[in-house]
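Let us walk through this structure. We begin with helix packing and end at the chain contact.

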Amino acid sequence: MLEEDVAAFISDTVMMIAATRDDAMRAHIGRGCGASFDPEVGDVALLASSTQWPDFTANARSGAPIALTVCRPDNYQSLQIKGQIAGVTLATDDQAERAQRYIDSMLAVMAPLGISRLQLSTVFSNADLVAIRFWPADLFIQTPGPEAGERLRREA
Amino acid sequence: MTPLETIRDSFEGIMPSVIATTDAAGMPNVSYLSHVYYVDSQHVALSNQFFSKTAANVRLHGRATVVVIDGRTSLQHVLDLVFESSSQSGPIFDRVSAQLDVMAGLQGKSHMLKLRAVDIYRVEDCRRIDPVAPLEELPPKPVANRDLLAEAAAATAELSAITDAETLLDRSLEILDERCGFRHSMILIADDEGRKLQTVASRGYPHFGFGAEIAFGDGIIGVAAERRLTLRIADMRRGQRYVSAVALATGLYSADIPLPSIAEPQCQIAVPLMAGGRLSGVIFAESEESFAFSYADEAALEIIARQIAASLAIFELTDAASDVATRGTSAAGAKEAKRAFGFQFFPRDGGIFIDNDYVIRGVPGRLLYHFVRCYADTGRCEFSNREIRRDRAFNLPDFKDNLETRLILLRRRLEERGGPIRIERPDRGQIRLVIEGVPEIRVVEE
């Protein structure tokens with residue numbers, strides 16, 4: 001389970017990057033397009049474009065490990081969540097709408113920081129959206145600074 | 001593999017990169033990375049000093065995956081990296097370290113981000129990430145609207161034909177504007193005595209700011225001088241959220257002569273003026289536009305800066321070798337002297353105050369004191385570069401101290417200030433003191 005503040009943080013207007021890995025242990029990077037925590041099931045659903053990040057999503061298989069780092073763009077406050085993928089499905093209409101809302105609100109947050117729509121043009125992609133569900137097993141502070149990488153919690 | 005040279009704009013640090021690794025259990029780790037540094041066509045450098053998990057994973061597998069993004073076009077590339085070496089010194093370490101120090105200074109965290117080591121990676125592959133559904137149509141790869149190599153060649157051709165320091169200083173800033181688009185720029189000369197830099201020429205600012213100072217090590221200009229390295233900040237918004245670099249850069253006397261500045265600089269570059277292994281000053285340029293200066297602009301400015309430095313060194317050599325003595329000792333201007341004014345000299349740092357207003361310090365201050373003292377004692381107001389060089393009181397043992405440039409600075413500072421003392425240059429190697437009033441000299445020992 002994630003605490004409420006962590007759950008709120010990942011579903012807020014935060015930048016999100018994620019990584020899976022292949023059998024040769026090579027990491028593959030993808031960018032998320034919204035995430036949410038389901039308190040009833042206890043897992044995180046990360047939305048990502050399967051065609052923009054084909055290597056990342058190809059290695060997002062049930063049972064495979066995944067790492068997700070979320071970062072608040074105005075102060076670089078960051079968290080990394082690691083876990084095991086429970087399942088990958090095509091995004092539902094609700095999730096597609098959620099991804100669109102995420103993109104719109106991120107663009108609104110980034111504009112006053114001087115980062116334009118053009119600069120973010122390929123960062124947020126909701127084409128061929130999939131939902132990657134994973135159980136959050138490990139949580140780390142990732143804010144740049146001496147505490148970066150410090151483990152906050154480990155699920156037994 | 002996409003050649004790294006074609007994605008140089010992705011190594012500008014405008015948008016954070018992403019790095020991912022895998023641990024022994026096969027769990028990935030992913031984090032943002034402030035900067036990926038281009039080293040050569042096969043290598044990049046990373047300064048991932050805080051992310052210990054990444055470092056541990058790299059030690060284990062020797063591999064990392066990085067996504068870089070072009071801050072102008074949003075085009076992304078993925079790099080497959082293989083760790084090669086880690087270094088705690090050397091040119092790449094120095095460059096990355098200086099860049100981090102300047103950025104840390106901008107964020108007010110100057111002691112937080114000290115670089116421990118820089119890691120060099122071989123780039124096994126570099127692939128373009130084709131945008132599937134870009135939010136905006138990506139602009140076509142900008143066609144270079146200037147051939148900066150040709151412009152630099154033309155600039156150095158013109159500058160190398162100039163025969164005096166003053167024309168060189170002003171014309172070089174004009175040429176940088178006309179040929180390379182550097183609209184706000186200044187040249188500062190180094191004063192080893194106080195480890196300071198003083199503005200001697202500027203262009204594109206509301207005021208010239210002659211004599212405005214920056215301490216070695218302060219801000220982008222001071223660090224460029226201290227480390228003798230070119231420094232460029234492509235996008236200041238990301239690092240500092242409008243903390244004024246200029247305010248941080250100014251030294252002890254900041255309130256006395258404001259440094260020329262633009263309201264909201266977004267992009268800055270500082271290049272040390274080096275010739276014969278010696279630093280004579282720094283040339284600085286800034287812009288209100290983010291990413292105004294690319295690595296190509298940097299290269300052009302470096303070429304031109306080296307020509308400026310070489311010419312200044314040659315002028316000093318020529319001046320030192322010339323045998324022009326003082327022409328006369330007539331007390332021109334003395335007859336009109338009426339009003340008395342306070343003239344304070346601080347031997348500790350060469351500081352001069354006129355009527356309690358700060359004027360200048362360092363070697364130019366000592367020179368002015370010498371002129372005014374001679375005038376007061378003997379009525380003499382004509383001097384020569386030659387006699388100054390021979391006077392050990394100025395600590396100018398040879399050509400290396402940029403006497404001519406300091407005299408230009410002194411003359412300009414006095415002129416911008418407007419009376420009662422001026423310096424004229426009636427002829428090459430000649431100095432004429434013009435005083436309107438009677439100086440009441442006071443030497444303040446501290």
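In chain B, helix 9 (residues 363–378) packs against helix 11 (residues 403–417) at an angle of about 70°, with the axes 9 Å apart. Axes are lines fitted to C-alpha atoms, for helices over the stretch in contact, and angles run from 0 to 180 degrees between N-to-C directions. Helix 9 of chain B is therefore roughly perpendicular to helix 11 of chain B. Angles of 65 to 115 degrees count as roughly perpendicular, under 35 as roughly parallel, over 145 as roughly antiparallel and the rest as oblique. Helix 9 of chain B brings B:Val363, B:Pro364, B:Leu367 and B:Leu368, and helix 11 of chain B brings B:Arg406, B:Leu407, B:Leu409 and B:Leu410. By class, 7 are nonpolar, none polar and 1 charged (Ala, Val, Leu, Ile, Met, Phe, Trp, Tyr, Cys and Pro count as nonpolar, Asp, Glu, Lys and Arg as charged, the others, Gly among them, as polar).

This is a predicted model: local features need pLDDT of at least 70, side-chain atom pairs count only at pLDDT 80 or more, and totals for chains, interfaces and linings use all residues. Residues are numbered from 1 along each chain as its sequence is written, and chains are lettered from A and ligands numbered from 1 in the order in which they are written.

Helices (H or I, at least four residues) and strands (E, at least two) are DSSP runs, numbered from the N terminus. The axes of helix 4 (residues 165–180) and helix 8 (residues 295–321) of chain B come within 10 Å and cross at roughly 170°. This pair is therefore roughly antiparallel. Its contact residues include 10 nonpolar, 2 polar and 1 charged.

Between the chains, 37 residues of chain A meet 33 residues of chain B (contact: C-beta atoms, placed from the backbone, within 7 Å).

Terms used. Contact = placed C-beta atoms within 7 Å.
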